[in-house]
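Reader: I would like to learn how to read salt bridges in a protein model. Please show me the structure to begin with.

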Amino acid sequence: MHVEQRLQVLEDIEEIRKLKAAYCAACDDDHNGHAVAALFVADGTWGAVGRPPEVGTEEIAAFMYGVRERGDMKRSAHQVFNPVITVDGDTATGQWRLLMMYTSTDEQSFVRIIGTYDDTYVRTETGWKFQSLAVTVEERGTYMTA
């Protein structure tokens, strides 16, 4: 692989990292459905293992706003780390570890989620976007009570 190609792969990986950071920020913005959906291609999918995926940006936005409307959480903090990102031209895959913490709305419980994200990405005219995102929750529970 030529230096220019290697440099392009590194730049692509950095843009994908920024995309994932934007996703986490949108989720932590009280599950801002429009901000999350804007990170996906029109026919993109968001899914959690064990349930049917949300297909398309309208369904993804509605799902995220549904999380907000349930009112189970506030002050969430999505932390993603240990990414393994593989770029292949205009497509890429990524796997990330997840640690999410949030406060219950009554501020009596503090909850953490441990899991993984498995993503696919596609380069668009406006930059990298999610083609699919699938979260696997390995463990969820209260780590502290008030």
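Predicted model: local features only at pLDDT ≥ 70, side-chain atom pairs only at ≥ 80, totals over all residues.

Reader: What is a salt bridge, and how many salt bridges does a search of the whole structure find?

Author: Side chains of opposite charge can pair when their charged atoms come close. The term means a side-chain nitrogen of Lys or Arg within 4 Å of a carboxyl oxygen of Asp or Glu. The search finds 11 salt bridges.

Reader: Which residue forms a salt bridge with D119?

Author: D119 pairs with K20, and their closest N and O atoms are 2.8 Å apart. This pair links distant parts of the chain, D119 in strand β5 (residues 109-124) and K20 in helix α1, 99 residues apart. Helices (H or I, at least four residues) and strands (E, at least two) are DSSP runs, numbered from the N terminus.

Reader: Is D119 buried or exposed?

Author: Buried means under 20% relative accessible area, exposed over 50%, and partly exposed in between (1.4 Å probe, protein chains only). D119 is buried at 3%, and K20 is buried at 0%.

Reader: Which residues are linked with D90 in a network of salt bridges?

Author: The network joins D90 with D12 and R123. Between D90 and R123, the closest N and O atoms are 2.6 Å apart. D90 is partly exposed at 46%, and R123 is partly exposed at 28%.

Key. Residues numbered from 1 in each chain as written. Heavy atoms only, no water.
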